Amino acid sequence: MRKILKIYKPFTHAGVLLAAQYRINFIFFILGDILMCFINYFLWKAVFNSGGAETFMGFSEVDMVSYIFISFLTSTLAYSDGSYAVGEEIRDGSIAMRMIKPIRFDLAFLFQELGERTMSLTLAFVPLVAGVELFKFFATGSFRFSIINFVLYLVSLILAYLINFYFNVCYGYSAFVLKNLWGSNFLKDCIVGFLAGRTIPLAFMPPAVGAVLNFLPFASLTYTPVMIYIGMYSPAQIALSFALQIFWLVFFIALQQIIWNACVKRLSVQGG
Amino acid sequence: MIYVNNLKKEFKKTIKDPGLKGSVKSFFKPKTEIITAVDNISFHVPRGEILGFIGPNGAGKSTVIKMLTGILTPTSGSCEINGKIPYKNRKSYVKEIGVVFGQRTQLWWDLALRETYTVLKEIYEVDDAAYKKRMAFLNEVLELDEFITSPVRTLSLGQRMRADIAASLLHSPKVLFLDEPTIGLDVVVKDNIRKAVKAINENEQTTVILTTHDLQDVENLCDRIVMIDKGSKLFDGNISELKRRFGQSRELRFVPYDFAAVEALDYKTEFGLGEDDLELENDGHKVTVRFNSDTIPVENILNYTLSKTHVKDINVTDADIEEIIKGIYRSEVKLDA
């Protein structure tokens, strides 16, 4: 383990340097996303105002606001570029340059991305959590921050990121077949976003659909951590969702390995 | 050191009819065709040798290199390097080799060059003392100092290639693969790179496999050449052997006082030659006769020419390696291998 850290740490370092090169880009990106958040916020505010009821499908207005901003935070932090990075290297053939190094691709990509992520971590995390908690304080008049839920949320978030990363790497390997991932990546992001509960909470779905979606890996990406954060899950539900998250993580790591082994055998490097 | 046995690689290729209709058709019902990029190639390279791997574009050179470096898995046949099979024990195998693909880079595009070396140092587990010594040596042969702090994307092609070669040598590999290392470089940089490769080969007994289109590389560096075309091996031997075997063609050039008198020269009848054995070219400034010194001794052709014409100037030259290889690529030289 220590050896792995030593070998792959420079990738994280390089990732930080890379992210620093494109920080302006990143800030615009985040600003765009935050605007989307506020659109969502006003939309739900209108729903609560017109309904007149205190709660909507078990969510109070405060819960909903927390859900919107924390799901945004979660999907930003658990976001993975894996499919794009892997797909692009396969498309232009530079994957060959990784194969001539005594390293594992998944780990090299992972550690590099972690480095690139540190920026979004520091830029988005503190202001958003502080903002949500302040809002809750002013809306309810009391301070309701739960340290336990927050720690559980962090664990769940890390699992969510790892699942998302390996899922995206698996997906990126489809470039071996499709050769170009531009279009399909876009479609994937939309579908995954919906299934992960980024658009509307999965609890709002019809019960049968909701049950299925809860079991699918996508719920583990955003919905599970957010529900833990806003305190909607009972301890039993939390335990179950951790088990599910670990299951999906192992599943995607194994799948990634299988696909990789199969692809390498029939690899044709594009160009030169 | 390096054993290659009946190595073969086939690719499946989708054939598409031209135009939009063709695209739509191939989307639903792709037609495929098997292409043999490398066909039963065998050779052996002893430790410390520099092997030149040459052939025209699309001959399969890069495919062979990719199989030897563990990137591609051969369809059939085998290769063994340092007692390892590249595509089977990839991770432990690549620790002992260095690879440079002239058309790609292993450097981190957006980072200062030095960062790439830091990452490589950890990947190959080079300790601090060895790293320092190594960098000093590479600096000396490749002169990296002037641009080591610049981002890689700002380097010129020549600097980038030097940096890439240094990156492939950081861990003192036993085998170095250079795929077109001098592509697109000016003569001075080419010369520097050749000197560096030579120095590393001599100092460390590094085995080098080099593909190139620049025959100066071959003449200056290689102990031996393997020539391939259309996936098959055409020639395997050293340069003097190549010259001896295919290099009997000579060129006689002379400037006569009277160009009309050249008409009277009839080499073919005089020496009883076939249509392809001799080539005569008269461009009004000089006369060039290409012939094979096996069929016509140089003395005879000179005597005959001088007896028929008065010349201002005359000389006979050896065909250079470039001419020979051009001949082989165009299949003008009959191969009796």
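**Notes on the predicted model**

1. The model is predicted. In chain B, strand 6 (residues 175–179) and strand 7 (residues 207–211) pair in the parallel sense, over 5 bridges. Within that pairing, B:Phe177 has B:Ile209 of strand 7 as its bridge partner.

2. These two strands belong to an open sheet of 6 strands in chain B, ordered 5-6-7-3-8-9, with mixed pairing. Strand 5 (97–101) and strand 9 (232–237) of chain B are the edge strands, each pairing on one side only. Averaged over the sheet, and with direction ignored, neighbouring strands are turned by 15° against each other.

3. Strand 5 of chain B runs parallel to strand 6 of chain B and is joined to it by 5 bridges. One of the paired residues is B:Val100, whose bridge partner in strand 6 of chain B is B:Leu178.

4. Is strand 5 of chain B enclosed by the rest of the structure, or open to the outside? Of its 5 residues, 5 are buried, so strand 5 of chain B is largely enclosed by the rest of the structure. Buried here means that 20 or more other C-beta atoms lie within 10 Å of the residue's own. In a regular strand, side chains alternate between the two faces of the sheet. In strand 5 of chain B, B:Ile97, B:Val99 and B:Phe101 point one way, while B:Gly98 and B:Val100 point the other way, and all are buried.

5. Helix 2 (residues 61–68) of chain B lies across strand 3 (50–54), strand 6, strand 7 and strand 8 (224–229) of chain B. Its direction is at about 150° to strand 6 of chain B.

6. The contact between the chains takes 23 residues from chain A and 26 residues from chain B. On the chain B side, helix 2, helix 3 (90–94), strand 5 and helix 4 (113–123) each supply at least two residues. Helix 4 of chain B gives the largest share of that side, 5 residues. By class, the side of chain B that touches chain A has 8 charged, 7 polar and 11 nonpolar residues.

7. Which residues does B:Gly77 touch, leaving aside those up to four places away in sequence? They are B:Asn5, B:Asn6, B:Leu7, B:Lys8 and B:Asn40. B:Gly77 sits in strand 4 (residues 76–81) of chain B. With 17 other C-beta atoms within 10 Å, B:Gly77 is partly exposed, because that class lies between the limits of 12 or fewer for exposed and 20 or more for buried. The C-alpha atom of B:Gly77 is separated by 21 Å from that of B:Lys13, 64 residues apart along the chain.

8. Chain B is divided into domain 1 (45–243) and domain 2 (248–318). Taken over C-alpha atoms, the centres of domain 1 and domain 2 of chain B are separated by 45 Å.

9. Chain A has 12 helices and 2 strands, and from the N terminus its elements run α-α-β-β-α-α-α-α-α-α-α-α-α-α. The radius of gyration of chain A is 20 Å, close to the 19 Å given by the globule rule for 272 residues, so chain A is as compact as a globular protein of that length. Along the principal axes, the C-alpha atoms of chain A fill a box of roughly 65 × 40 × 35 Å.

10. In chain A, buried residues make up 35% of the 272 residues. Among contacts in chain A between residues at least 6 apart in sequence, 83% join residues at least 24 apart.

Key. Residues numbered from 1 in each chain as written. Chains lettered and ligands numbered in written order. Predicted model: local features only at pLDDT ≥ 70, side-chain atom pairs only at ≥ 80, totals over all residues. Pairing = 2+ DSSP bridges. Helix = DSSP H or I, 4+ residues; strand = E, 2+ residues; numbered from the N terminus. Axes fitted to C-alpha atoms, helices over the stretch in contact; angles between N-to-C directions. Contact = placed C-beta atoms within 7 Å. Nonpolar A, V, L, I, M, F, W, Y, C, P; charged D, E, K, R; others polar. Domains from an automatic or database assignment. Rg over C-alpha atoms; globule rule 2.2 N^0.38 Å.
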